[in-house]
Amino acid sequence: MPVPDLSITEFSAFATVLGFVVVLGFWAARWRRPRDMHNLEEWGLGGRAFGNWVTWFLMGGDIYTAYTLVAVPALVYGVGAVGFFAVPFAVIATPLVYLMVTRAWSVAHVHGFVTPAEFVRARFGSRGLAGTVAVTGLVATMPYVALQLVGLSVVFTTMGITGDWPLVAAFTLLAACTFRSGLRAPALMSIVKDVLLLWTVLAAMLVVAMTPRGLANAFRSAADHFDQTPTVRDGLLLGSSGHLGYATLALGSALAMFAYPHVLTGVLAARNRATVQRNLSALPVYTIALGLIALLGYVALSKGVVPVDGDVNTVVPMLFRTVFPDWFAGVALAAIGVGALVPASVMSIAAGNLYTRSIYREYVRPHATPAQEARVSRYASLAVKLGAVACILVLDPQFAVDLQLIGGVIVLQTVPAVGLGLFTAWFHRRALLAGLVAGLVTGILLLYQIPQIGADDRTVVRAHFGGSSWPLSHLGLSTGASVYVGLLALGVNLVVAIAGTLLLRRRGVPTGPDLTRADDYIADEGDPTLHRMTELVDGDTAPPTHSRTAR
């Protein structure tokens, strides 16, 4: 389908909503304005004082992104049942994240940690391991930010706005409000994002319900469509060879969710453990919306939606243009745009914090002042956005979801050091570093071996980095099954880490000093050992005595 014509009414509604959100992002710098914005406590974590409602919207905006609004239904539209792996992934992820981040919140507040790499530095006493975790997190975040930019760009394409200037303009505005307001910007913007998301999903489902035979017709149309395609990789139901790939995609994505730096950033901004626990307990509500949004891929097939210039990522925006009047379509497209801007802001802030605390301060300027840290983090967040643009140009994935899945392969390799490190210090620091490197090398080599296959199941569109599921046929097996590369690489990582720890301990090689205590992992607001408390932020009482830090 050629590029659609630009609708003035639609564009006006889109620009109005998006403009309001951007202005809100700039104004956020004045919301609960601290005496000094020039430190990471305030710029990068919002003063660690967000309450229940703000944390709820921030975490929802942080986790449910353009991946939800664009990538998942596009995958369902393109291949069918496999695209629904995101639903069990979200169900599995919540309890896993709950177990880990509540402990992470406490130990981070006791010691004043801003990044997961700082925790690794204190837990295992290794600058090298912490630095490698930081670099891994930075590299993994860029494809995820790129996914958000893809979501924004397909909106412009769908509206008939061609060229690179719209994306550059939106990128510049995003960078400017993030640079000025820090985490407070996406915290307020996420409230508007969630309202728009709810409104759009309910409206779309209402349109489907008013259509004769509703979802039944959508499923029937999807089944007929997949029956007529030349490939055996799609279908309304999973084929026998697709079960393993589906299960490993869901499990691997769930494990990777906690490991992304931006998820921990949203958690550390909460004022106490109870706020984190309450919000994570209720977060599965978003999974209902995720399932409904995934169904829009089938609805688009039933409505005869054709992607713009063959780009399957445009199917949901085109569906909105098909079923909604112009003004409402503009608002719905703005929901996708805001759904891209909010997480991109949080991700770039998290990456900026990661670089500043775990690379710049550790290796470049150990005695950096708080103002210097905040300044470096701001500029680092800009660099991450530029890196995300490079990811789009280099990877050029068939489905936008592959950007998130490839990033997941990389960030999964930090799980032994960060995730398991929250529960045990048994692993040896050198073994963890060796395992991390082994996992990264394995993951990259396996990704390199995956071609992008055309719709006829024979044509090779691109020889390398064509997806994230590794065919078991590479092992000489006569099967069409595949496995998510992230889990295979994580398996190698864990084997090396465990075997290395046993070997190093047998040889008596000393481990690094653990600067944390068991009580640090259950500390809560009001505990005198906390590094930063709500009372300090709000100025109600005298600052508490800071505990030891791992600096």
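Let me start with Ser 190, which sits in helix α9, residues 184–210, and which counts as buried because its relative accessibility is 0%, where buried means under 20% relative accessible area, exposed means over 50% and partly exposed lies in between, with a 1.4 Å probe and protein chains only. Leaving out residues up to four places away in sequence, Ser 190 touches Phe 57, Leu 58, Gly 61 and Val 342, and a contact here means heavy atoms within 4.5 Å. Ser 190 and Leu 69 are 121 residues apart in sequence, and their C-alpha atoms are 14 Å apart in space.

Before I go on, please keep in mind that this is a predicted model, in which local features need pLDDT of at least 70 and side-chain atom pairs count only at pLDDT 80 or more, while totals for chains, interfaces and linings use all residues. Residues are numbered from 1 along each chain as its sequence is written, and side-chain values use heavy atoms, with hydrogens and water left out. When I name helices, I mean DSSP runs of H or I with at least four residues, strands being runs of E with at least two, and both are numbered from the N terminus.

Setting aside its neighbours within four places in sequence, Ser 377 is in contact with Leu 40, Trp 43, Ile 349, Gly 352, Asn 353 and Thr 356.

Now to helix α6, residues 116–124, which is mostly covered, since 8 of its 9 residues are buried. The buried ones are Pro 116, Ala 117, Glu 118, Phe 119, Val 120, Ala 122, Arg 123 and Phe 124. What covers them? The cover includes α5 (86–111), α7, α12 (261–268), α16 (326–364), α19 (415–418) and α20 (429–448). Just after α6, Gly 125 takes a positive phi of about 60 degrees.

Two packed helices are described by the angle between their axes and the distance between the axes. For α6 and α16, the axes come within 7 Å and cross at roughly 45 degrees, the axes being lines fitted to C-alpha atoms, for helices over the stretch in contact, with angles that run from 0 to 180 degrees between N-to-C directions. That makes α6 oblique to α16, given that angles under 35 degrees count as roughly parallel, over 145 as roughly antiparallel, 65 to 115 as roughly perpendicular and the rest as oblique. On the α6 side the contact is made by Pro 116, Ala 117, Glu 118 and Arg 121, and on the α16 side by Leu 354, Arg 357, Ser 358, Arg 361 and Glu 362. By class, this contact of α6 with α16 has 3 nonpolar, 1 polar and 5 charged residues, where Ala, Val, Leu, Ile, Met, Phe, Trp, Tyr, Cys and Pro count as nonpolar, Asp, Glu, Lys and Arg as charged, and the others, Gly among them, as polar.

One of the residues in that contact, Glu 362, is counted as buried at 17% relative accessibility. Apart from residues up to four places away in sequence, Glu 362 touches Arg 121, Arg 127 and Arg 357. Glu 362 and Gly 131 are 231 residues apart in sequence and 8.2 Å apart in space, C-alpha to C-alpha.

The other helix pair I would like to show is α7, residues 127–159, with α15, residues 315–323, which pack at an angle of about 40 degrees with their axes 9 Å apart, and which are therefore oblique to each other. Val 154, Thr 158 and Met 159 of α7 meet Pro 317, Met 318 and Arg 321 of α15, and the residues of this contact divide into 4 nonpolar, 1 polar and 1 charged.

Arg 48, with phi near 55 degrees, is found in the loop between α2 (40–43) and α3 (52–63), and Arg 48 is buried, with a relative accessible area of 1%.
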